[in-house]
Amino acid sequence: MAFHRYCAEFIGTFWLVLGGCGSAVLAAAFPEVGIGLHGVSLAFGLTVLTMAYAIGHVSGCHLNPAVSVGLWAGGRFEGSQLLPYIVSQVLGALAAGGVLYLIASGKSGFAIDPGAAGAFASNGFGAQSPGGYSMQAALITEVVMTALFLFVIMGATDTRAPDGFAPIAIGLCLTLIHLISIPVTNTSVNPARSTGVALYVGGTAVQQLWLFWVAPVVGAVLGALAYRVVGDR
């Protein structure tokens with residue numbers, strides 16, 4: 001049964017990275033007027049919403065190492081499952097990044113510029129930030145956004161919350177997070193999502209990857225603990 005959960009997390013994270021990052025790489029600026037920031041934001045939210053309904057009853061639909069750690073900190077997830085969940089999520093993200101690379105490279109003239117901000121939907125700060133935001137701004141953004149993401153997840157999946165609506169709340173929350181923070185970091189709040197494309201970009205994207213592991217995990221723990229304070233009966 002555990003193997004089914006790991007497979008679900010692999011497939012779900014694959015879909016998140018392919019759908020979210022794929023929209024940024026393939027459709028955001030296509031060919032002159034693409035879906036833009038709003039479309040990419042919605043795409044990320046839709047990946048979570050659709051997979052939450054598809055696999056939420058199988059694995060909980062974490063799709064994100066920070067979410068798994070946060071749910072553990074919030075008393076909703078067993079610590080013994082953290083490592084296999086995180087491994088499954090990262091592998092799913094890397095597989096999606098590979099498929100996206102194969103698709104994108106089918107266009108004549110395609111090349112990844114490791115020095116460009118947001119190259120191949122990668123996350124970054126400083127010169128790698130879409131809006132030129134500093135490391136401090138990126139750190140604050142990723143911690144706060146992930147904290148609020150976990151707060152919403154904990155609340156929406158509380159047994160006292162209305163049944164059947166958690167995927168909608170969580171998906172829309174992720175959409176809102178992207179609408180706010182794409183200009184700052186290209187929005188991570190998910191270490192697997194960041195890793196899944198950064199390794200294909202190389203260079204600074206990999207050098208800065210540490211922030212997109214540390215900040216979301218810290219934020220997730222803070223958000224989960226905050227909900228335990230507010231939401232405890």
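1. In this predicted model, helix H1 (residues 2-27) packs against helix H2 (residues 36-59) at an angle of about 170 degrees, and the two axes lie 8 Å apart. Angles over 145 degrees count as roughly antiparallel, so H1 is roughly antiparallel to H2. Sorted by class, the residues in the contact of H1 with H2 comprise 13 nonpolar, eight polar and two charged ones.

2. The largest nonpolar core contains 50 residues. Val17, Cys21, Leu71, Phe149, Ile153 and Ile170 are the members with the most contacts inside this core. At least two core residues are supplied by each of the following helices: H1, H2, H3 (65-73), H4 (82-104), H5 (135-156), H6 (166-185), H7 (191-201) and H9 (211-231). H4 provides the largest share, with eight residues.

3. Cys21 deserves a separate entry. Once its neighbours within four places in sequence are set aside, Cys21 is in contact with Leu16, Phe44, Leu100, Ala121, Arg193 and Val197.

4. The crossing of H5 past H9 is right-handed. In the contact of H5 with H9, 18 residues are nonpolar, four are polar and two are charged.

5. The backbone at Cys61 should be noted. Its phi is near 55 degrees, a positive value in a residue other than glycine. Cys61 is located in the loop between H2 and H3. Its relative accessibility is 10%, and because buried means under 20%, Cys61 counts as buried.

6. Phe120 also calls for comment on its backbone. Although Phe120 is not a glycine, it has a positive phi of about 55 degrees. This residue lies in the loop between H4 and H5. With a relative accessibility of 7%, Phe120 counts as buried.

Note on methods:
Residues are numbered from 1 along each chain as its sequence is written. This is a predicted model: local features need pLDDT of at least 70, side-chain atom pairs count only at pLDDT 80 or more; totals for chains, interfaces and linings use all residues. Side-chain values use heavy atoms; hydrogens and water are left out. Axes are lines fitted to C-alpha atoms, for helices over the stretch in contact, and angles run from 0 to 180 degrees between N-to-C directions. Helices (H or I, at least four residues) and strands (E, at least two) are DSSP runs, numbered from the N terminus. Angles under 35 degrees count as roughly parallel, over 145 as roughly antiparallel, 65 to 115 as roughly perpendicular and the rest as oblique. Ala, Val, Leu, Ile, Met, Phe, Trp, Tyr, Cys and Pro count as nonpolar, Asp, Glu, Lys and Arg as charged, and the others, Gly among them, as polar. A nonpolar core is a set of buried Ala, Val, Leu, Ile, Met, Phe, Trp, Tyr and Cys residues joined through side-chain atoms within 4.5 Å. Buried means under 20% relative accessible area, exposed over 50%, partly exposed in between (1.4 Å probe, protein chains only). Contact means heavy atoms within 4.5 Å. A crossing is left-handed if the near helix is turned anticlockwise from the far one by less than a right angle, and right-handed if clockwise.
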